[in-house]
Amino acid sequence: MQVTVVVNGVVVTRDVEPRLLLIHFLRDELGLTGSHWGCDTSNCGACVVWLDETPVKSCTVLTPMADGHRVRTVEGLPADGQLDPVQEGFAQCHGLQCGFCTPGMMMTARWLLDHNPDPSPAEIREAISGQLCRCTGYENIVRSVRWAAKHGPAGPGAGGQEPGVAG
Amino acid sequence: MNGPGGPPQHGFGPVRRKEDARFIRGKGTFVDDVQRPGMLHGAILRSPLAHARIVSVDTAAAEAHPKVEAVITGRMLAEAGLAWMPTLSQDSQAVLATDKVRFQGQEVAFVVARDRYSARDALELIQVEYEPLPCVIDAERALDPAAPVVRDDLPGKTGNRVFDWEAGDAAATDAVFARADVVVSQDMLYPRSHPAPLETCGMVADCDPVTGRLTVWSTTQAPHAHRTLFALIAGLPENKIRVVSPDIGGGFGNKAPIYPGYICTIVGSMRTGRPVKWVEDRSENLMSTAFARDYHMHGEIAATADGRVLGLRARVLADHGAFNATAQPSKYPAGFFHIFTGSYDLQAAHCQVTAVYTNKAPGGVAYSCSFRVTEAVYLVERMMDLLARELGMDPAELRMKNLLRPEQFPYTTPAGWQYDSGDYPRALALAMDIAGYPELRREQAARRARGEYMGIGISFFTEGVGAGPRSHMDMLGLGMADGATLRVHPTGSAVLGVSCQTQGQGHETTFAQIVAHELGMSPDDVEVVHGDTDLTPFGLGTYGSRSTPVSGAAAAVAARKVRDRARIVAGAMLEVSPDDLEWADGRWQVRGDPGKGAAITEIAMAAHSSLELPPGVEGHLDAEAVYNPPNLTFPFGAYICVTDVDPGTGQVSVRRFIAVDDCGVRINPMIVEGQVHGGLADGVGMALMQVIAFDTDGNCLGGSFMDYLLPTSVECPSWELGQTVTPSPHHPIGAKGVGESATVGSPPAIVNSVLDALAPFGVRHADMPLTPANVWCAVQGRPVRTDLAIP
C-alpha cells in the first residue's frame, strides 16, 4: 500500500507492505539508521521517535499508522542547523557509552523539556523509565537532561552548523 | 570527589569523548546499519523443544518461496564438514542440529531471502518432525545416574559431567577448620542471568566469489580472535578474512564467543555469492547466546570466636548448558573463581568445581564477570555477612578486622594469586565515611522500633583483570597478549592501531590520552583505529576488563618506543648527543639548557626530512609493541548499599549506594565513573530483578524483556562515588582494569542489605533475584529456588 509520511519535515511517499514496522520503514526504506531496534516488545525504547508530537516506540507502530502524520527522528533533532541542547548535554555529561539507546533517550528528553522546561531529577527518571540503557546506570542521562534544561531552548551555539537531513 | 586522586598528569583527565559526536547525531554505524549492494537477509529456525531427536527436516516449501535464495540445514553443513564448530572451551557445538536438539532455541535451519520479512516468512514453511526426549534442566539432578545424557554425540559419554576442577590446599583447609571456634556454612545460587546488550548479535558477511576474500561486519568484542576462529572452522586462509567490528551496542561478554548464526551467515554468503545480513531478535539473543553465572555454590567459613577468619571452603556445581562454550583462558575451566578468598587475610582455602551439561543454552562466562570473579566475590561476601551474624559482630567491623593490610602487598593468596597492590582499610573507611555508617545504624535501629525495615549491606571486592600473562593464559591456544602500532605523521599528529574493541568504553578517547600522555601531545591529535583486522595488530579483544591493562599498556609501550627514537632524531636536530637530552614538559630538551629542545611535532617532521641521522636510524618515528602482561591487575573497592524493604509486599527499594573504587591511575575519571555507574545498575538488576529461569520441560521463562526484567531509571538511585588511587606497580602507567568492578562488587552489597533488613524475621539467606515474590516467600520462612518455575 502507499503511505505518505512527513519525516523530519520532508514529505516521503512509498509503497510498503501493510505489516512493515515503522522502525524498519525509517531504517531500511529511508536509511535513517539513527533510530535503533532493540527488543520487539516496546520495553527498551531504542526505537523511540515522535509520531506528530508524541514519542512512540516505532517497533510496535505499523507504517500505515503513520500515513498522513509527521515523524521526527534523531536526525531531525537539530533545529536551524544547531544541535539540540539535549544532544549537547549528552556529550557534555557523558550521558552515553555505546550510543545505542541514545537517540531514543534524546527524543524523549526533548519531549519532556518541551512540556517541562525545568524538570527535577525525579521527573527526568520518570520520563525515561520506559526505556533501557545498559551502560550508564542512568545517572549521567539525568545530568545530561538537566544540562539541556539549563542551556535550552536556543542551545549554546557550540555545536556548529549541521548538514541538511534527507528523507 | 572524595579521596586523593594523585597529581594531574599531562593528557589524563575528564576530557569529553571523541565518540560522542557521531552518536548524538544518530550517525553511529552498528552492524544492522551496514548495507551492501545486493545484500540478502538471513533468519534462523530454532528448536521449540529442549531435547528431541530430529526425525526429518522438510525445506521444500521454504525453498519454493519466491523470495528465498537458499535454505541451509544441518545435513547440508555436515556434507561440508561445518555442522559442528569448536567452542572457546574446546568442546564442540552444533552450528545447525543434525541428530538432536539439546536446548530450546537451538539452531536448526537457516534461510536466506531477499528481505528480512520474507526470511522470517520462510521459516514458517519449514517442517521439522521432532521426537521429544526427557530433558535435564535442574543442574542438581544432572549427575543422577538416571538423568538423560545430554551429549551422547561425544564418544563414550555416558553422563553429564563436564569437568571436575579444584584449587587451594584441601588438607591445610581441613586443618584450620578443625581448630576453628566457629564454622558457618550456606548454600547459595548465583542464578542464570544474561548480559542483554541493547544491540543483539548479528553479522553482515560478504564473500567475494572472484577473489575468495571474506569480509564480515560482526558484533564481536574480539575481532582478531574471531578471524582466527573463522579460519580454523571454515578452512579459509586467514589472509583472506577481514573482520570489521563497527560500532557495538554494548557487549558485556555477550559478544566474545562465536555463535552458530555467524557461521550460517558466512555459509549463506558463500552459497549465494552475495552479501548476507543476519541480526537476531531479542528472544533469540536471550534464549540462545551466552548466558552468565548459573553457579550453585556451597560455602563454609571458619573463624575464631573473636572474629579472625581462618579458612574458606567452596563447593560449586556449575551449569554449563548443552555445550561447554564458556569463554575463559583455557587452563582455567572455572575461570578465576579461585580468587574466592577475596580481600581477606586467611590461612587456608580450598574450592572444588564440578561442571555439568543440561538441556539449556550454552555459555556461563559473560556479563562483566571477570571470568567468574563475580561468583567468587558473591560467595565470600555473603559468607562474611553470615559469619558476622553468627558472631554478633558488625559486618563492617568483621571486614575491617580481616582485610589484607597495605604492608602485605604484593600478597599471594592461598589459591596462588599474587595481588599487585592495595590499601583496603582506607577504601572501606572512606566508603563508611561517605555513607555516614554509624548514623545509618542508629537510623536503622530507630526505624526497626517503628516496624520499618531498612537494610545496610557491605561488600568489599578484589578483582583480577587484564589477562594474560600469555604463558598460562590463552584462548584456544592464542596467548593473551595484545599489539599496538603507532604511526606519527610528518606534521606531528598520530594514528594508534589497537586490537581491542570498544563497546562503549570510550577507547577512542582514553587510548588517545595514553599516547598524548607519553608524547606530550594533545589527545585531539591522536586518532585511534580499532575494530578492523586489516588495519590493526593482533590481540585478543575486549572482555575481562583487559583493554586498559593489556592494550592500553601496549599503546604506552609503543609510545615510549616512539619517544626513544625521537630522542635520537632530536639529538641530530639539535646537534647534541642524545645522552644529553632529557624528557621534560612533554619534549626532549638539552639537560641544563631547557630553552633548547624539540617537541614531538617538530621531531616528527625532522624524522621524515632529509636531515642526516646517526647510523642505524632509518627515519620516521613509527613503532609497534606487543604487550605480554607479567600479571593481572587487581582493582578493588568498598561498596555500601542502603535498602528499604516492605515485608508485607516483598518490595525492595535501593535508597542509597556508595561505591569507592580503586582502579589505580585513572586515565579519564569521567569515563571511569561512567563504567562504575553502569556496573552498579547491573548489580541492581542481578540482585533484584534478572533471572533466566526454566520450567521442567526446559521452556525458557526469560525469553523477552517482558519476562527478563532489567533495571530502569526508577529502580536505580543516584550513585554516590568515591575513589582511592593505588597504582599497579607493574602496569606501564599504573592503571588497572575497571570495566567490571561494579558488576562484580555490587550484587553482594545489595543482597547483604536486603538480608540485613530482614534479620528481625530470622531470614538468614535468600537467593537472587530478590523479587517481591521471592522476598515475600523468604519472610514467610520458605525461600524458593529462583531458577526454576514456581511449581
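In which order do the four strands of the open sheet in chain B stand, and what is the pairing?

A: This is a predicted model, in which local features need pLDDT of at least 70 and side-chain atom pairs count only at pLDDT 80 or more, while totals for chains, interfaces and linings use all residues. Residues are numbered from 1 along each chain as its sequence is written, with chains lettered from A and ligands numbered from 1 in the order in which they are written.

The order in the open sheet of chain B is S27-S26-S25-S31, and the pairing is mixed; helices (H or I, at least four residues) and strands (E, at least two) are DSSP runs numbered from the N terminus, and strands pair if DSSP finds at least two bridges between them. Strand S27 (526-529) and strand S31 (623-627) of chain B stand at the edges with a single partner strand each, so one side of each lacks a neighbour in the sheet. On average, and with direction ignored, neighbouring strands of this sheet are turned by 20 degrees against each other.

Strand S26 (residues 494-498) of chain B runs parallel to S27(B) and is joined to S27(B) by four bridges, with B:Leu496 standing opposite B:Val528 of S27(B). Helix H13 (residues 507-519) of chain B lies across strand S25 (482-488), S26 and S27 of chain B, and runs at about 130 degrees to S27(B) (axes are lines fitted to C-alpha atoms, for helices over the stretch in contact, and angles run from 0 to 180 degrees between N-to-C directions). Leaving aside residues up to four places away in sequence, B:Leu496 touches residues including B:Leu486, B:Phe511, B:Ala512, B:Val515, B:Val528 and B:Ala555 (a contact has C-beta atoms, placed from the backbone, within 7 Å).

B:Leu496 also belongs to the largest nonpolar core, which has 308 residues, and is among those with the most contacts inside it, together with B:Leu96, B:Val111, B:Val515 and B:Ala555 (such a core joins buried Ala, Val, Leu, Ile, Met, Phe, Trp, Tyr and Cys residues through C-beta atoms within 7 Å; buried residues have 20 or more other C-beta atoms within 10 Å of their own, exposed ones 12 or fewer, partly exposed ones a number in between, with C-beta atoms placed from the backbone). Helix H14 (residues 547-574) of chain B gives the most to this core, with 14 residues.

Turning to chain A, six bridges join the antiparallel strands S1 (residues 2-7) and S2 (residues 10-15), and A:Val5 of S1(A) has A:Val12 as its bridge partner in S2(A). Two residues lie between the strands of this hairpin, where A:Asn8 takes a positive phi near 50 degrees. S1(A) is also joined by two bridges to strand S5 (residues 70-72) of chain A, which runs parallel to S1(A), and here A:Val6 stands opposite A:Arg70. The covered face of S1(A) carries A:Val3, A:Val5 and A:Val7, whereas A:Gln2, A:Thr4 and A:Val6 are on the uncovered one.

Where the chains meet, the contact takes 39 residues from chain A and 40 residues from chain B. H2(A) gives the most to the side of chain A that touches chain B, with four residues. Seven of the eight residues of H2(A) (residues 85-92) are buried, so this helix is largely enclosed by the rest of the structure. Its buried residues pack against helix H3 (102-115) and helix H5 (139-151) of chain A, together with helix H1 (20-23) of chain B.

Note on methods: Two residues are in contact if their C-beta atoms, placed from the backbone, lie within 7 Å.
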